[in-house]
Amino acid sequence: MKARTEDRPIRHVVRVDAPIDIVRTYFTDPKRMVEWWPTRATVDLRVGGEVQLEFDQPDGRTDRARGTFVELARDRIVLTWGFDRDADLPPGSSSVEITLESDGPATVVRLEHRGLPEAHRRTHDDGWGYFLSRLAAVARAT
């Protein structure tokens with residue numbers, strides 16, 4: 001039986017030249033998040049707390065992603081994910097799992113995004129690749 005597209009996660013791995021405790025803040029601290037990822041971020045940093053990310057677009061629109069933290073360990077962050085005003089990918093309809101692994105003075109970041117509908121797979125795959133490369137560049141300068 002063939003797996004549905006939504007069942008196949010998008011996976012990305014990046015090595016960041018910064019220690020795990022610093023890299024983790026780039027996923028949890030709104031001031032650090034906006035250095036590499038959204039235009040604006042609001043975070044309720046607790047399991048069950050909401051994360052809201054706003055992405056200003058070149059055409060003047062603002063896309064708003066919302067989710068809820070499911071897990072907040074030192075080396076693993078899991079949150080739900082989706083967009084306001086998007087019937088195919090509403091808030092909470094997919095999940096993002098970030099695993100952090102110390103690699104000497106650096107950190108290996110593994111990201112898996114599950115539950116994406118086919119129409120969103122390519123843009124999210126490209127987007128995660130782009131943003132994680134920005135994370136590596138920004139965190140290296142920390």
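Author: The lining of the largest cavity has eight nonpolar, no polar and no charged residues, where Ala, Val, Leu, Ile, Met, Phe, Trp, Tyr, Cys and Pro count as nonpolar, Asp, Glu, Lys and Arg as charged, and the others, Gly among them, as polar. This is a predicted model, in which local features need pLDDT of at least 70 and side-chain atom pairs pLDDT 80 or more, while totals for chains, interfaces and linings use all residues. Residues are numbered from 1 along each chain, and side-chain values use heavy atoms, without hydrogens and water.

Reader: Which residues line the largest pocket nearest its centre?
Author: A pocket is an open set of points on a 1 Å grid, with protein on both sides within 12 Å along at least five of seven lines, and a lining residue has an atom within 4 Å of a point. This one holds about 430 Å³, and its lining divides into six nonpolar, six polar and six charged residues. Of the 18 lining residues, those nearest the centre are F55, Q57, D63, F83 and H124.

Reader: Is E112 buried or exposed?
Author: E112 sits in strand 7, residues 106–114 (a DSSP run of E, at least two residues). Because its relative accessibility is 18%, and the cut-off is under 20% with a 1.4 Å probe, E112 counts as buried.

Technical notes. Helices (H or I, at least four residues) and strands (E, at least two) are DSSP runs, numbered from the N terminus. Buried means under 20% relative accessible area, exposed over 50%, partly exposed in between (1.4 Å probe, protein chains only). On a 1 Å grid over the protein atoms alone, a cavity is a set of points where a 1.4 Å probe fits but cannot get out, and a pocket is an open set with protein on both sides within 12 Å along at least five of seven lines; lining residues have an atom within 4 Å of a point. Grid points are joined across faces, edges and corners, and a volume is the space filled by probe spheres set on the points.
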